[in-house]
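Dear colleague,

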Amino acid sequence: MVDACRRMNASGLNQGTSGNLSVRTGDGFLVTPTSLPYDAMEPGDLVPMGFDGACPGAGRPSSEWRFHADILRLRTDVDCVLHCHSTFATTLACHHRTIPSFHYMVAVAGGTTIRCAPYATFGTQELSDHAVRALEGRRACLLGQHGMIALGATPASALALAVEVEALARLYLQALALGEPPVLPDDEMERVIARMRGMGYGATPGSRAGRAAADGVAPPA
């Protein structure tokens, strides 16, 4: 987790102490602490929490722990939640822009679009509720006037998806300079999604999705 957070900042996906990361731990999860620079973070600084918000230790969790708890509680198909303030995705989020199927790789997030959730104050239950809805049937979403969330089986796979979404956000912004780009029809996107699932596309080697693909079984949606 610490390594993924440091790579998140080193890659330019995030800045300073913004963003956060969580990983499922059976009956709860670990989440990054609040206001601690990633370069100074150690594994012992990660904060254990229950899905009900219980925090048994002395650590102070990220202010966004609510959507980490709610997403991991409701989405049993994923084990990691990554949140960042990447430049291009956040630019679109500032205009509450959903990313449409202007490019087939939009399917990497699990659907025909990458939705943008409505704005709500950071750290609130309202924001968590918006995020959960925007992530229905998806592995990534934008947060209005805020940033991005990416889900994965591991920190590595969530980070890889966030990189893909940021690249798509940049491409979409560049395409908009020439006018609203054409979009692929839903039936074609469904074919792309099915093909990606069958290939275990984007799955981290050793993850559940990667093992399923190696066995010829489609990973969970």
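By class, how many nonpolar, polar and charged residues does the lining of the second largest pocket have? The lining has 4 nonpolar, 12 polar and 1 charged residues, where Ala, Val, Leu, Ile, Met, Phe, Trp, Tyr, Cys and Pro count as nonpolar, Asp, Glu, Lys and Arg as charged, and the others, Gly among them, as polar. Of the 17 lining residues, Thr 17, Ser 18, Gly 19, Asn 20 and Ser 63 lie nearest the centre of this pocket, and its space is about 190 Å³. A pocket is an open set of points on a 1 Å grid over the protein atoms alone, where a 1.4 Å probe fits, with protein on both sides within 12 Å along at least five of seven lines; lining residues have an atom within 4 Å of a point. The volume is the space filled by probe spheres set on the points.

Please note that this is a predicted model, in which local features need pLDDT of at least 70 and side-chain atom pairs count only at pLDDT 80 or more, while totals for chains, interfaces and linings use all residues. Residues are numbered from 1 along each chain as its sequence is written, and side-chain values use heavy atoms, with hydrogens and water left out.

The protein chain contains 7 helices and 7 strands, which are DSSP runs numbered from the N terminus (helices: H or I, at least four residues; strands: E, at least two). An open sheet of 7 strands has the order 3-2-1-4-7-6-5, with mixed pairing; two strands pair if DSSP finds at least two bridges between them. Its edge strands, each pairing on one side only, are strand 3 and strand 5 (116-117).

Strand 1 (residues 20-24) and strand 2 (residues 28-31) are antiparallel, with 3 bridges, and Val 23 stands opposite Leu 30. These two strands form a hairpin with 3 residues between them, and Gly 26 in the turn has a positive phi of about 90°. Strand 2 also pairs in the antiparallel sense with strand 3 (residues 47-50), over 4 bridges; here Phe 29 has Met 49 as its bridge partner.

Along its principal axes, the C-alpha trace of the protein chain spans about 50 × 40 × 30 Å.

Yours sincerely
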